[in-house]
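Subject: Structure handover and notes

Dear colleague,

I am handing over the structure below, followed by my notes on what was found in it. Please read the notes with the structure open beside them.

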Amino acid sequence: MSCILTFDIEEWFHILDNESTKTEKEWGNYECRIYKNMDRIFRILQDYDIKATFFCLGWIADKYPDLIKKIDDLGYEIGTHSHMHQLAYEMNKNEFEEDLKCSIHTLESIIGKKIKTYRAPGFSITKNNLWTFEILNKLGIENDCSIFPANRAHGGIPSFTRKTPCLIRYNGIQLKEFPINTSKILGKEVIFSGGGYFRSMPYQLIKKMTRETDYVMTYFHPRDFDYKQPAIEGLGLIRRFKSYYGLRNCERKLKLWLKDFDFVDVRTYDQRIDWKSIQIVNLSS
């Protein structure tokens, strides 16, 4: 069993649902930490000889095209994480399409390759904005990694019962879906494979749950390993805990995980699947 290793490439201040970090106007108030944080990720991947998929913001690509070029030059797969890192369900159809189109164009103009894979900021595709899949299909996206099959502050689709890759069909279009995986603890669906969930759990529990599941989709951010990052002011206690707890030990835990299990990128995992035999999940709003 292989796990899928992915990183959402955004800055340390790209925190959703927070007024002081909501738009580009506020982002100018914060220092750039993306280069040092990406160097850390590159070093880890090279040390363990592992490929990963990088879901890159178009905004990052606009400001730091050399960074996107380096990701591609090192042989890593690049997908889009939107352009301006806004929650998908807070956008209308036209806004979503223009944002995604801008991101895809920016990334493709840098690397000269087709962008085929997408992840929504905050996994913000819900049962109320499934029309996003129509736009993904229209703009040439083939693989989606946005479905969070559990309750989540930024959405989630708890009624989505398929916990492994599948084909989703909506309003006449079809996409390959690589959802976030869950495990059950005391009868409750629990996420363990990325972000604050990974940082807050002891490694032995993560290792146990990984062994007990047939599919793992990870999601990390450069800031997850940056324990020296400044704290964003104005965050509530719960949000502060989710954003900063476990930063110091996250790199060590990831290295243990990479040592104990096999990891590949989305592209490689996709190629290993016989999609003709995979279940089709019909979605309706």
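Is D49 buried or exposed? With a relative accessible area of 72%, D49 is exposed, where exposed stands for over 50% relative accessible area, buried for under 20% and partly exposed for the range in between, computed with a 1.4 Å probe on protein chains only. D49 is found in the loop between α2 (34-48) and β3, and its C-alpha atom is separated by 31 Å from that of R162, which is 113 residues apart from D49 along the chain.

Before going further, please note that this is a predicted model, in which local features need pLDDT of at least 70 and side-chain atom pairs count only at pLDDT 80 or more, whereas totals for chains, interfaces and linings use all residues. Residues are numbered from 1 along each chain as its sequence is written, and side-chain values use heavy atoms, with hydrogens and water left out.

Strands and sheets

Helices (H or I, at least four residues) and strands (E, at least two) are DSSP runs numbered from the N terminus, and two strands are said to pair if DSSP finds at least two bridges between them. Strand β2 (residues 6-9) pairs with strand β3 (residues 53-56) in the parallel sense over four bridges, and within this pairing D8 stands opposite F55 of β3. In a regular strand the side chains alternate between the two faces of the sheet. In β2, T6 and D8 point one way while F7 and I9 point the other way, and all are buried.

An open sheet is formed by three strands in the order β11-β1-β12, with parallel pairing. Because β11 (216-217) and β12 (262-264) stand at the edges and have a single partner strand each, one side of each is left without a neighbour in the sheet. Strand β1 (residues 2-4) pairs with β12 in the parallel sense over three bridges, with C3 standing opposite F263 of β12.

The covered face of β8 holds I173, L175 and E177, and the uncovered one holds Q174 and K176.

Two positive phi angles

The hairpin of β7 and β8 has two residues between the strands, and there N171 takes a positive phi near 50°, although N171 is not a glycine. N171 lies in the loop between β7 (166-170) and β8 (173-177) and is exposed, with a relative accessible area of 57%. F123, likewise a residue other than glycine, has a positive phi near 50°, but F123 counts as buried at 3% relative accessibility; its place is the loop between β5 (117-118) and α6 (132-138).

E10 is found in the loop between β2 and α1 (24-27) and is buried, with a relative accessible area of 2%. Its side chain makes polar contacts (pairs of N or O atoms within 3.5 Å; within protein, one must be able to donate a hydrogen and the other to accept it, and residues adjacent in sequence count only if both atoms are side-chain atoms) with the side chain of H85 at 3.1 Å and with the side chain of R223 at 2.7 Å. Not counting residues up to four places away in sequence, E10 touches (heavy atoms within 4.5 Å) I34, L57, I60, H81, H85, H221, P222 and R223.

Cavity and pocket

Grid points are joined across faces, edges and corners, and a volume is the space filled by probe spheres set on the points. A search of the whole structure finds one cavity of 30 Å³ or more, and the volume of the largest cavity is about 70 Å³. Its lining includes W27, H85 and E90.

The largest pocket has a volume of about 600 Å³ and is lined by 29 residues, of which R152, H154, G196, R239 and K242 lie nearest its centre. The elements that give two or more residues to this lining are α7 (195-200) and α9 (237-244), and α7 gives the most, with five residues.

Best regards

Technical notes: On a 1 Å grid over the protein atoms alone, a cavity is a set of points where a 1.4 Å probe fits but cannot get out, and a pocket is an open set with protein on both sides within 12 Å along at least five of seven lines; lining residues have an atom within 4 Å of a point.
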